[in-house]
Amino acid sequence: MSLLNTALNAGKLSGTIYTFEKAGDMLPMHTHQEGDAHITIVARGKVKAHGNEWSAEYGAGSVIDFPADQSHEFVALEDNSRIVNIQK
């Protein structure tokens, strides 16, 4: 797996940038609490997001708003896909 992550700090915005070098790279299943929930922007490429009993594919420009306590995982569907997570 070749997942790269970078901290994002732009004034009052904070989050993480994940770059999936190869299709199939993943950000494993995880859950956030109210204090660290985030939105996800697909900056480039295509990813599959899924959790318990749901699954969806998203392309560049998509914005995904995860509620707190919703388990989710990301899998790159294309090489060099990138997501940006911004904390709410």
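1. A contact here means that heavy atoms lie within 4.5 Å. In this predicted model, 62% of the contacts between residues at least 6 apart in sequence join residues at least 24 apart.

2. Overall composition. The protein has nine strands and zero helices, and its pattern along the sequence is accordingly written β-β-β-β-β-β-β-β-β. Of its 88 residues, 34% count as buried. The exposed surface comes to about 5,000 Å², of which carbon and sulfur atoms supply 49%.

3. Strand S9. This strand covers residues 81–87, and five of its seven residues are buried, so S9 is largely enclosed by the rest of the structure. Strand S2 (residues 13–20) pairs with S9 in the antiparallel sense over six bridges; within this pairing, threonine 19 has arginine 82 of S9 as its bridge partner. Strand S4 (residues 38–44) also runs antiparallel to S9 and is joined to it by six bridges. Here the bridge partner of threonine 40 is asparagine 85 in S9.

4. The four-stranded sheet. An open sheet with antiparallel pairing has the strand order S3-S8-S5-S6. Its edges are formed by strand S3 (26–30) and strand S6 (54–59), each of which pairs on one side only. On average, neighbouring strands of this sheet are turned by 20 degrees against each other, direction ignored. S3 pairs with strand S8 (residues 72–76) in the antiparallel sense through three bridges, and methionine 26 has valine 75 of S8 as its bridge partner.

5. Aromatic pairs. The structure holds two such pairs. In one of them, the ring centres of tryptophan 54 and phenylalanine 66 are 6.0 Å apart and the planes stand at 50 degrees, so the pair is tilted; planes over 60 degrees apart would count as edge-to-face. The pair links distant parts of the chain: tryptophan 54 belongs to strand S6, whereas phenylalanine 66 lies in the loop between strand S7 (63–65) and S8, twelve residues apart.

6. Tryptophan 54, with a relative accessible area of 22%, is partly exposed.

Terms used:
Residues numbered from 1 in each chain as written. Predicted model: local features only at pLDDT ≥ 70, side-chain atom pairs only at ≥ 80, totals over all residues. Heavy atoms only, no water. Buried < 20%, exposed > 50% of the residue type's maximum accessible area, 1.4 Å probe, protein only. Helix = DSSP H or I, 4+ residues; strand = E, 2+ residues; numbered from the N terminus. Pairing = 2+ DSSP bridges. Areas by Shrake-Rupley, 256 points an atom, 1.4 Å probe, with all protein chains shown as cover. Axes fitted to C-alpha atoms, helices over the stretch in contact; angles between N-to-C directions. Phe/Tyr/Trp six-rings, centres within 6.5 Å; stacked < 30°, edge-to-face > 60°.
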